[in-house]
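I opened my notebook to write down what I looked up, one topic at a time.

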Amino acid sequence: MNLKTKWIAMAAAAALALPVLAHHSFSAEYDSKKPVQLEGTITKVDWMNPHVYFYIDVEKGATVENWGFEMGPPGLLQRQGWTRNTMKIGDVVVVDGTLAKDGSKQANARSVVLKATGRKLGAASSESGNQ
């Protein structure tokens, strides 16, 4: 194997390893003893592997908090009825999930209700029993 081939092989191996290193377990980031339900307006949707993320503005009295939610991968969500256009910026949703351990405004979504239609979809959560 020449030097160029070795470098290409090492670069390919490193690129393939990144998603594995970036992946995490539910219990590493979220506290299953801290459920949360929030209603808010979609501000952003990131439909990509390994997880779909979306963000909502939640009104808390006179202030607005932006919350981030992690869902499962696009493939699992599609099997549950989702498409990349199911949620759009401006849609109002009610999200049931589990709070992040670090106290940030982040959570793992278990289900999402689209307020305009009442449609409830699972979020392919990595929490045990919710996939």
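**Threonine 98 and its partner**

I began with the side chain of Thr98, which makes a polar contact of 2.6 Å with the side chain of Arg110; a polar contact is a pair of N or O atoms within 3.5 Å, where within protein one must be able to donate a hydrogen and the other to accept it, and residues adjacent in sequence count only if both atoms are side-chain atoms. I noted that this is a predicted model, in which local features need pLDDT of at least 70 and side-chain atom pairs count only at pLDDT 80 or more, while totals for chains, interfaces and linings use all residues. Residues are numbered from 1 along each chain as its sequence is written, and side-chain values use heavy atoms, with hydrogens and water left out.

I found Thr98 in strand β4 (residues 92-100), strands being DSSP runs of E with at least two residues, numbered from the N terminus. Thr98 is buried, with a relative accessible area of 0%, since buried means under 20%, exposed over 50% and partly exposed in between (1.4 Å probe, protein chains only).

**The aromatic pair**

I looked up aromatic pairs, meaning rings of Phe, Tyr and Trp (its six-membered ring) whose centres lie within 6.5 Å, called stacked under 30 degrees between planes, edge-to-face over 60 and tilted for the rest, and the structure holds one. Phe54 and Phe69 are stacked, at 5.2 Å centre to centre and 15° between the planes. Phe54 lies in strand β2 (residues 53-60) and Phe69 in strand β3 (residues 63-70), so the pair ties together parts 15 residues apart in sequence. I recorded both Phe54 and Phe69 as buried.

Conventions:
Helices (H or I, at least four residues) and strands (E, at least two) are DSSP runs, numbered from the N terminus.
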